[in-house]
Structure formats: C-alpha cells, structure tokens
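Let's take a friendly walk through some charged residues and their surroundings. Have the sequence and the structure open as you read.

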Amino acid sequence: MFARAGLLPRTLARPLYTQASYRFSTSSRIMTHSSLTEAIKEDHQEMYEYYDEYKRAKESADVDSQARWARQLTWEVARHAVGEEIVVYPLMEKHMGEQGKKLADEDRDQHQHVKELLYHLESLTAGQPEYHQTLEKVMAHLKPHNDSEEQNDLPALEPLIGAEGSKAAAAQFSRTKKFAPTRAHPSAPNKPPFETLVGLLAAPLDKLLDAFAKFPTEEMKEEAEKHQH
C-alpha cells in the first residue's frame with residue numbers, strides 16, 4: 001500500500017515507490033484506478049497505514065522514526081486534500097445540486113481544520129506530548145470525514161457521473177496530486193481556480209522544504225510492508 005509518492009528528498013537511497021510491489025512511477029505513468037471511489041479509498045487506507053507506523057515508532061520510543069512517518073502522513077494528507085478540493089468537490093457541486101454544494105462545503109471545512117492542525121504540527125518536535133496529541137487530533141478528525149466520503153458523498157456521486165466519468169475523474173485526481181502542495185497551507189484558498197493557482201505556486205517551495213525533511217528510509221518502508229501482510 002505504500003505505493004504513491006511525488007518528489008521525495010534526494011537524500012533517500014531510493015524513492016518511496018520503487019519496490020517491486022509498487023504500481024506507480026512518476027517517470028511516465030499515472031496510477032490507473034477503475035473508479036474515483038477506488039482512488040479515494042486507497043488514499044484513505046494509506047493515511048491509516050502511515051499513522052500505524054508512527055504509532056509503532058512511538059511505542060518503541062523511536063523519535064526519529066516518529067518524525068519520518070508523521071512527515072509521510074502529512075505529505076499524503078496535504079496532497080489528498082487539495083486533489084479532492086480541485087477535482088472531487090466541484091463534481092459534487094455540478095452533479096448533485098444544492099445537496100452537493102452543502103456536502104462539499106462541509107468537507108472543505110473539515111479539511112481546513114485538519115490543515116490547521118498539520119500546520120501547527122510543523123512547529124512542534126517529534127517526541128513531545130503536544131506533537132503526539134496534535135497528530136491524534138488529526139486522525140480523530142480524519143476518520144469520520146473519510147468514512148462520510150466513502151459512505152455518503154461518493155456513493156451519491158458515482159451514479160451521476162457514470163463509470164467512464166468516474167474513471168476519468170480518478171485519473172484527474174491522481175494527476176492533480178502530482179502537482180499539489182505537499183504541506184498544509186491553511187491560509188490558502190480551498191476552491192478552484194484560486195486554489196489551483198496558489199497550489200502551483202506553493203508546490204515548488206514545498207518540494208524544496210521536503211528535500212531537507214526526514215521521510216521514512218527504504219528499510220523502514222520494507223518493514224512497514226511486512227506489517228500489512
């Protein structure tokens with residue numbers, strides 16, 4: 001499941017997506033999903049797995065690993081949120097009428113809360129009680145939000161856009177994530193087209209900051225794969 005990555009630090013021996021079981025490469029392909037729901041659910045699952053690895057690191061008092069897995073989780077959540085805001089929520093507004101607009105606005109508000117928490121997390125140090133408490137708050141907020149998307153938003157949207165529309169939206173979602181910011185920007189707009197513009201401006205700076213950040217090492221990722229089997 002630890003499959004997808006953007007531009008990770010060059011200090012890593014190999015990028016996050018190079019193991020044989022990984023299906024995604026930024027070199028020439030976009031990961032193919034059969035539906036938008038599949039793409040969103042896979043992202044949600046990766047968030048939970050990164051958090052599980054963070055908790056394992058905390059249980060073993062490995063502060064360095066805690067910081068690395070928390071950075072990986074932040075990276076995934078930030079890209080996922082912007083991908084949804086640019087691709088998914090406008091589809092809900094277009095095809096689901098007033099109910100779609102209401103649900104999309106609620107989802108944006110929930111994303112905003114998570115972005116603010118993740119932004120605060122970057123000011124803290126792994127191993128501190130507040131660091132762990134903040135990450136716990138992130139996940140406590142994300143889980144019901146993700147469940148609502150999977151159980152309410154997407155089942156209502158999918159029939160309206162059809163199988164081909166869903167597959168196309170999944171591809172657009174994956175493409176958008178490649179160029180999305182990798183860090184939380186709670187002060188940025190969360191609706192297109194302004195979010196798209198701000199995101200494209202913020203993304204290069206985020207990639208530069210990522211180059212100096214600590215992500216999971218190849219050995220850590222290989223060990224994490226074992227936990228999923």
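## Burial in this model

Buried means under 20% relative accessible area, exposed means over 50%, and partly exposed covers what lies in between. Glu93, at 28%, therefore counts as partly exposed. Please keep in mind that this is a predicted model.

## Bridges between helices H2 and H3

Glu93 pairs with Arg108 in a salt bridge whose closest N and O atoms are 2.9 Å apart. This pair links distant parts of the chain, with Glu93 in helix H2 and Arg108 in helix H3, 15 residues apart. Arg108 is buried at 3% relative accessibility.

Another salt bridge brings together the side chains of Lys115 and Glu85, at 3.0 Å from N to O. Here too distant parts of the chain are linked: Lys115 belongs to helix H3 (residues 97-121) and Glu85 to helix H2, 30 residues apart. Lys115 is buried at 9%, and Glu85 is buried at 0%.

## Within helix H2

How far apart are the closest N and O atoms of Arg79 and Glu76? They lie 3.4 Å apart, in a salt bridge. Both residues sit in helix H2, three residues apart, or about one turn of the helix. Arg79 is buried, with a relative accessible area of 4%, and Glu76 is buried at 0%.

Arg68 is also found in helix H2 (residues 63-95). Its side chain makes a polar contact of 2.7 Å with that of Asp64, and Arg68 counts as buried at 14% relative accessibility.

## His95 and its contacts

His95 belongs to helix H2 and is partly exposed at 30% relative accessibility. Beyond its neighbours within four places in sequence, His95 contacts Leu157, Leu160 and Ile161. His95 and Leu160 are 65 residues apart in sequence, yet 6.5 Å apart in space, C-alpha to C-alpha.

Technical notes. Residues numbered from 1 in each chain as written. Predicted model: local features only at pLDDT ≥ 70, side-chain atom pairs only at ≥ 80, totals over all residues. Heavy atoms only, no water. Helix = DSSP H or I, 4+ residues; strand = E, 2+ residues; numbered from the N terminus. Buried < 20%, exposed > 50% of the residue type's maximum accessible area, 1.4 Å probe, protein only. Polar contact = N/O pair within 3.5 Å; in protein donor to acceptor, adjacent residues only side chain to side chain. Contact = heavy atoms within 4.5 Å. Salt bridge = Lys/Arg side-chain N within 4 Å of Asp/Glu carboxyl O.
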